[in-house]
Amino acid sequence: MNIRVLLCGFLALLLAGCQLPQPDPQAQAVEREAYQAIQTGDDAALQKIANPELKTPEADAAMKQVRAMMPKGKPSSSKLIGWNLHTQVGIGSTAILHSEHDYGDRVVLAQTHLARKAEADPWLVQGF
């Protein structure tokens, strides 16, 4: 009996140390802001967090096409379902975040690409 209790305690301690890695909170905040800006048509908010390469008439037209496919209103739930972070010394970092937004009758899966040149720089949207 005592050995079972010790084994269970040891297993609980072992599992407590095994946590999944978490995405950069700043990248996650920019991803949420980008999704909301695109979904609601808040072009001014999107421009604040967009890479300069996205500030073109072609990118604006593409975002309008994406927006037209998105459901209206707020999703009943949203969650991050995956991410990938890549850092190259002297070049910068890129992040790809995958999110799921449940609207009841449909689910939107979004993929947002972010980039920054240095760790002190803010994340900027590079693609959606």
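The following legends describe close-up views of a predicted model.

**View 1. Packing of helix H2 against helix H4.** Helix H2 (residues 25-40) and helix H4 (residues 57-69) have axes 8 Å apart and pack at an angle of about 80 degrees, which makes H2 roughly perpendicular to H4. On the H2 side, Ala37, Ile38 and Gln39 take part in the contact, meeting Met63, Val66 and Arg67 of H4. By class, this contact of H2 with H4 comprises 4 nonpolar, 1 polar and 1 charged residues.

**View 2. Salt bridge between Asp43 and Arg67.** The side chains of Asp43 and Arg67 meet at 3.0 Å, N to O. Asp43 belongs to helix H3 (residues 43-49) and Arg67 to helix H4, so that the pair links distant parts of the chain, 24 residues apart. Asp43 is partly exposed at 38% relative accessibility, whereas Arg67 is buried at 13%.

**View 3. The open sheet of 4 strands.** The strands follow the order S1-S2-S3-S4 with antiparallel pairing. Strand S1 (77-88) and strand S4 (124-127) form the edges, each pairing on one side only. From one strand to the next, the twist averages 30 degrees. Strands S2 (residues 92-102) and S3 (residues 107-116) are joined over 10 bridges; Ser99 has Ala110 in S3 as its bridge partner.

**View 4. Salt bridge between Arg116 and Asp24.** The N to O distance between these side chains is 3.4 Å. Because Arg116 lies in strand S3 and Asp24 in the loop between helix H1 (2-16) and H2, the pair ties together parts 92 residues apart in sequence. Arg116 is buried, its relative accessible area being 11%.

Conventions:
Residues are numbered from 1 along each chain as its sequence is written. This is a predicted model: local features need pLDDT of at least 70, side-chain atom pairs count only at pLDDT 80 or more; totals for chains, interfaces and linings use all residues. Side-chain values use heavy atoms; hydrogens and water are left out. Axes are lines fitted to C-alpha atoms, for helices over the stretch in contact, and angles run from 0 to 180 degrees between N-to-C directions. Helices (H or I, at least four residues) and strands (E, at least two) are DSSP runs, numbered from the N terminus. Angles under 35 degrees count as roughly parallel, over 145 as roughly antiparallel, 65 to 115 as roughly perpendicular and the rest as oblique. Contact means heavy atoms within 4.5 Å. Ala, Val, Leu, Ile, Met, Phe, Trp, Tyr, Cys and Pro count as nonpolar, Asp, Glu, Lys and Arg as charged, and the others, Gly among them, as polar. Two strands pair if DSSP finds at least two bridges between them. A salt bridge is a side-chain nitrogen of Lys or Arg within 4 Å of a carboxyl oxygen of Asp or Glu. Buried means under 20% relative accessible area, exposed over 50%, partly exposed in between (1.4 Å probe, protein chains only).
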